[in-house]
Amino acid sequence: METKWLLLLTMAILSLLVFVHGDEEMSSVKPIVKIVKGKKLCDKGWECKGFSEYCCNQTVSDYFQTYQFENLFSKRNTPVAHAVGFWDYHSFITAAALHQPKGFGTTGGKLMGQKEVAAFLGHVGSKTSCGYGVATGGPLAWGLCYNKEMSPSQTYCDESFKFTYPCTPGVSYHGRGALPLYWNYNYGETGEALKVDLLNHPEYLEDNATLAFQTAIWRWMTPVKKHQPSAHDVFVGKWKPTKNDTVAKRVPGFGTTMNVLYGDQVCGNGDDHESMNNIMSHYLYYLDLMGVGREEAGPNEVLGCGQQKVFNPSSSSSSSSSS
């Protein structure tokens with residue numbers, strides 16, 4: 001319990017610092033630099049702390065600010081949305097600050113950072129949208145409409161994990177968060193990694209937007225299984241495909257992030273798969289709104305995953321968005 005409150009207090013302090021500094025001052029932070037074994041390492045204070053090579057690059061607030069967040073998620077606080085007042089820029093940038101020293105939005109130059117933020121938020125927007133074909137502003141303007149599954153059909157308790165992540169009596173592990181978590185084992189694993197008791201208190205994800213974003217970024221940055229890449233790795237080019245990957249048509253880029261996160265729920269089902277195209281559409285829309293342009297997304301074999309073999313077939317998948 002003390003650990004949980006310490007984490008929430010840290011998030012609150014970070015969020016306050018973000019609010020006080022404002023967008024303009026945030027982007028003018030001068031790094032503290034030191035050289036370790038010939039490598040340049042930097043610390044940029046609250047947003048990229050701890051002396052990392054990634055903190056020597058532009059940070060997320062340098063190129064992605066409040067007005068852009070508002071453009072991407074312009075309908076999230078309309079009266080018909082289901083999480084009015086919950087999601088905001090400060091929650092996102094506070095959560096991102098905890099992962100930027102590891103390369104989230106800070107790998108490579110400004111363009112790669114912008115593309116990664118658009119890619120991550122493209123997944124988020126698609127998974128939390130209540131947009132539809134004739135919705136005001138178009139179907140892609142309604143990301144972050146939800147912060148939880150509204151009418152869960154089950155409690156998502158898998159008793160085969162009773163010795164590692166036992167279900168808490170009376171608790172439901174339905175979808176919550178920015179990349180919705182499902183199942184007791186995903187809440188348990190994520191909670192262990194973030195030092196928050198999500199197994200006993202999954203409702204924390206619908207009470208704290210920073211934590212909801214943080215769990216999603218953690219999933220983005222963390223491989224689903226050992227010896228496999230994370231979504232971050234395959235997007236920024238840290239992952240080098242093997243011969244088997246090449247045969248399976250898995251290549252670095254946005255398409256393979258869907259393979260990592262969702263497996264055969266989305267990928268390997270042909271180029272007309274609705275869920276795949278919806279996620280892709282959000283990514284392209286966000287690239288345009290951020291001033292990057294959808295042409296930077298690459299060709300269809302990089303953008304999509306319809307022809308890819310999946311890393312983890314559904315019989316062995318434990319994706320964060322498994323349902």
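## A tour of the salt bridges

Start by selecting Lys39, which is partly exposed at 43% relative accessibility. The model you are looking at is predicted.

The side chains of Lys39 and Glu53 form a salt bridge, with 3.8 Å from N to O. Lys39 sits in strand β2 (39-43), while Glu53 belongs to the loop between β2 and α2 (60-63), so this pair ties together parts that are 14 residues apart in sequence.

Is Arg76 buried or exposed? Arg76 is buried, at 4% relative accessibility. The cut-off for buried is under 20% relative accessible area. Glu70, at 33%, counts as partly exposed. The two residues form a salt bridge in which the closest N and O atoms are 3.0 Å apart.

Move on to Arg294 and Asp288. Here the closest N and O atoms of the salt bridge are 2.7 Å apart. Arg294 has a relative accessible area of 39% and is partly exposed. Asp288 is partly exposed as well, at 34% relative accessibility.

For the last stop, select Lys148, Arg176 and Glu206 together. Salt bridges that share partners join these residues into one network.

How many salt bridges does the structure hold? The structure holds seven, including the pairs Glu53 and Lys39, Arg76 and Glu70, and Arg294 and Asp288.

Conventions
Residues are numbered from 1 along each chain as its sequence is written. This is a predicted model: local features need pLDDT of at least 70, side-chain atom pairs count only at pLDDT 80 or more; totals for chains, interfaces and linings use all residues. Side-chain values use heavy atoms; hydrogens and water are left out. A salt bridge is a side-chain nitrogen of Lys or Arg within 4 Å of a carboxyl oxygen of Asp or Glu. Helices (H or I, at least four residues) and strands (E, at least two) are DSSP runs, numbered from the N terminus. Buried means under 20% relative accessible area, exposed over 50%, partly exposed in between (1.4 Å probe, protein chains only).
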